[in-house]
Amino acid sequence: MAEQTKKSFLEKAAESQVWKSIFRGGGVPRNRRQRMMSVLNSVFLHLHPVRLPKHAVKLKFTWCMGGLSFFIFLILTISGILLMFYYRPTIEYAYTDIIDLAEQVPFGIMRELHRWGAHAMVITVWLHMFRVFMTGSYKPPREFNWSIGVILLLLTLLLSFTGYLLPWDQLAIWAITVGGNMARATPFLGSEGPGAALLAIGDINFITMASDARFALIGGRFMGEAALLRFYVLHCIGLPFIIMIFMAVHFWRVRKDGGISTPV
Amino acid sequence: MQEGKKTATKPPVRKAPAALGETAKENEVTRRSFFSWLSLGWVGFVAATGGFFTMMLRFFFPNVLFEPVQTFRAGYPDDYTIGEVDTKWKNKYGVWVIRNDEGIYALSTVCTHLGCTPNWLISSRKFKCPCHGSGFKMTGINFEGPAPRPLERYRIVLADSGEIIIDKTQKYQQEKGQWSDPEAFLRV
């Protein structure tokens with residue numbers, strides 16, 4: 001009799017209070033409903049669909065580019081946080097800190113991982129968008145999520161752009177000089193853009209070199225430390241914060257709009 | 001049946017209907033006052049949110065800028081040779097000082113295409129931008145590459161001491177006819 005009632009370690013563990021407090025619903029899922037509930041009841045698992053059509057996850061249909069983009073985003077977040085322990089966003093130290101990270105800090109590959117990951121994410125986001133377009137997955141009811149995706153693409157490019165300045169080498173400085181000068185040509189909001197002169201009272205211009213879109217971007221009339229600091233904060237805090245909100249909406253809508261679209 | 005008896009003997013006590021405009025009892029929230037408070041709340045909320053976003057926007061435009069001084073003394077006119085481009089202020093202030101037969105002018109080192117810094121090529125006597133190949137004559141006039149307009153000139157005047165003062169906050173553009181301004185060109 002004792003043999004029959006003896007439970008396995010796993011079964012005993014599943015009945016403990018600790019297990020039940022961690023995994024809502026408790027117990028090892030034994031049937032379809034319990035399996036479904038265990039997915040729905042976990043904050044991490046619930047991002048996944050409970051069930052999906054077999055043909056919708058064929059690699060040749062999805063390319064897995066959306067998932068890869070998110071995976072690379074996670075890599076960039078983790079490696080980026082690690083880089084922040086050494087990098088100082090000042091003109092004096094920025095460049096040498098990058099050299100230090102690459103050459104002296106143990107596992108200097110972390111910096112390369114971040115850099116190549118950044119390139120890869122831009123590519124995977126593009127490919128994801130290309131796949132979604134070619135499979136017609138942007139069509140109703142997914143048109144709203146397509147728009148969210150366009151914003152995510154824009155945010156990805158902005159993250160790439162802001163990160164580009166941080167090594168503070170010649171390439172970076174001139175790239176952002178050029179980018180800043182493009183901002184100067186923004187209609188109405190750039191001091192040299194069309195319509196900027198319209199925003200004036202009498203002789204007083206409201207859009208000047210010290211108050212236009214370029215100034216907001218680089219924090220000064222000339223490229224300097226203010227630009228470096230602004231880009232650093234945007235790159236490490238501002239843009240990731242915004243992109244995570246949009247990603248949450250994006251993933252949520254993938255699920256709510258019927259999951260991954262199926263091949264026609 | 002019993003219920004029916006009761007109502008027959010005792011006239012039902014009916015509450016007076018809440019008529020429109022009826023004054024509420026003290027501390028009582030009526031439907032009408034609730035909506036006026038609600039709209040007031042929304043106005044307050046929108047105003048506070050709008051105010052905060054305005055503050056956030058204004059926050060990005062500081063009142064004091066810690067940027068390098070934009071006006072500097074560039075020595076005496078005799079320091080500059082006629083017919084030559086002086087590049088000694090290029091790195092520090094981003095200015096070329098050029099003297100010709102009639103006088104001296106200060107040329108901005110910012111390419112008018114996308115803002116890179118061209119180089120003065122002595123042998124071919126032109127400014128050449130390394131980014132996209134724009135070329136400018138010694139006067140600052142563009143003649144090759146994608147640059148859409150000539151280089152800008154800065155305000156250049158003589159101090160009482162006879163020294164040249166170059167003021168980068170004031171710029172003069174050829175295509176706007178500003179190079180004829182007396183302070184865009186120092187006659188010596």
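Two residues are in contact here if their C-beta atoms, placed from the backbone, lie within 7 Å. Keep that in mind for the interface. One word on the model before we go there. This is a predicted model: local features need pLDDT of at least 70, side-chain atom pairs count only at pLDDT 80 or more, and totals for chains, interfaces and linings use all residues. Residues are numbered from 1 along each chain as its sequence is written, while chains are lettered from A and ligands numbered from 1 in the order in which they are written.

Now the interface. Eleven residues of chain A are in contact with eight residues of chain B. Which elements give two or more residues to the side of chain A that touches chain B? They are α10 (170-184) and α11 (213-218) of chain A. Helices here are DSSP runs of H or I with at least four residues, strands are runs of E with at least two, and both are numbered from the N terminus. The largest share, four residues, comes from α10(A). By type, that side of chain A divides into five nonpolar, five polar and one charged. For the record, Ala, Val, Leu, Ile, Met, Phe, Trp, Tyr, Cys and Pro count as nonpolar, Asp, Glu, Lys and Arg as charged, and the others, Gly among them, as polar.

Next, domains. Their bounds come from an automatic or database domain assignment. Chain A is divided into domain 1 (8-34) and domain 2 (63-256). Their centres, taken over C-alpha atoms, are separated by 44 Å. Chain B has domain 1 (31-63) and domain 2 (71-187). There the C-alpha centres lie 50 Å apart.

Stay with chain B. Chain B has three helices and eleven strands. From the N terminus on, the order is α-α-β-β-α-β-β-β-β-β-β-β-β-β. Take helix α2 of chain B, residues 31-59. Is α2(B) buried or in the open? The number of buried residues among its 29 is zero, so α2(B) lies largely in the open. Buried means 20 or more other C-beta atoms within 10 Å of a residue's own, exposed means 12 or fewer, and partly exposed is in between; C-beta atoms are placed from the backbone. Across chain B, buried residues make up 21% of the 188 residues.

On to the strands. Two strands pair if DSSP finds at least two bridges between them. Four strands of chain B form an open antiparallel sheet in the order β5-β6-β7-β8. The edges are β5 (119-121) and β8 (142-144), each with a single partner strand, so one side of each is left without a neighbour in the sheet. Two bridges join β7 (residues 135-136) to β8(B). B:Phe136 stands opposite B:Asn142.

Then there is β10(B). Six bridges join β9(B) to β10(B), running antiparallel. B:Tyr154 stands opposite B:Lys171 there. Five residues sit between the strands of this hairpin, and B:Gly162 takes a positive phi near 90 degrees. Strand β1 (residues 71-73) of chain B also pairs with β10(B), antiparallel, over three bridges. B:Arg73 has B:Ile165 as its bridge partner.

What about the cores? A nonpolar core is a set of buried Ala, Val, Leu, Ile, Met, Phe, Trp, Tyr and Cys residues joined through C-beta atoms within 7 Å. The largest has 26 residues, and B:Val95, B:Val97, B:Ile104, B:Tyr105, B:Ala106 and B:Ile156 touch the most other members. β3 (95-99), β4 (103-108), β9 (153-158) and β10 (164-172) of chain B each supply at least two of its residues. A second, separate core of 21 residues includes A:Leu165, A:Leu217, A:Leu234 and A:Cys236.

Most residues other than glycine have a negative phi, and most peptide bonds are trans. A cis peptide bond joins A:Pro140 and A:Pro141, with omega about 10 degrees. A:Pro141 is in the loop between α8 (109-134) and α9 (143-165) of chain A. A:Trp63 has a positive phi near 60 degrees. With 18 C-beta neighbours inside 10 Å, A:Trp63 counts as partly exposed. A:Trp168 has a positive phi near 55 degrees, and lies in the loop between α9 and α10 of chain A. With 23 C-beta neighbours inside 10 Å, A:Trp168 counts as buried.
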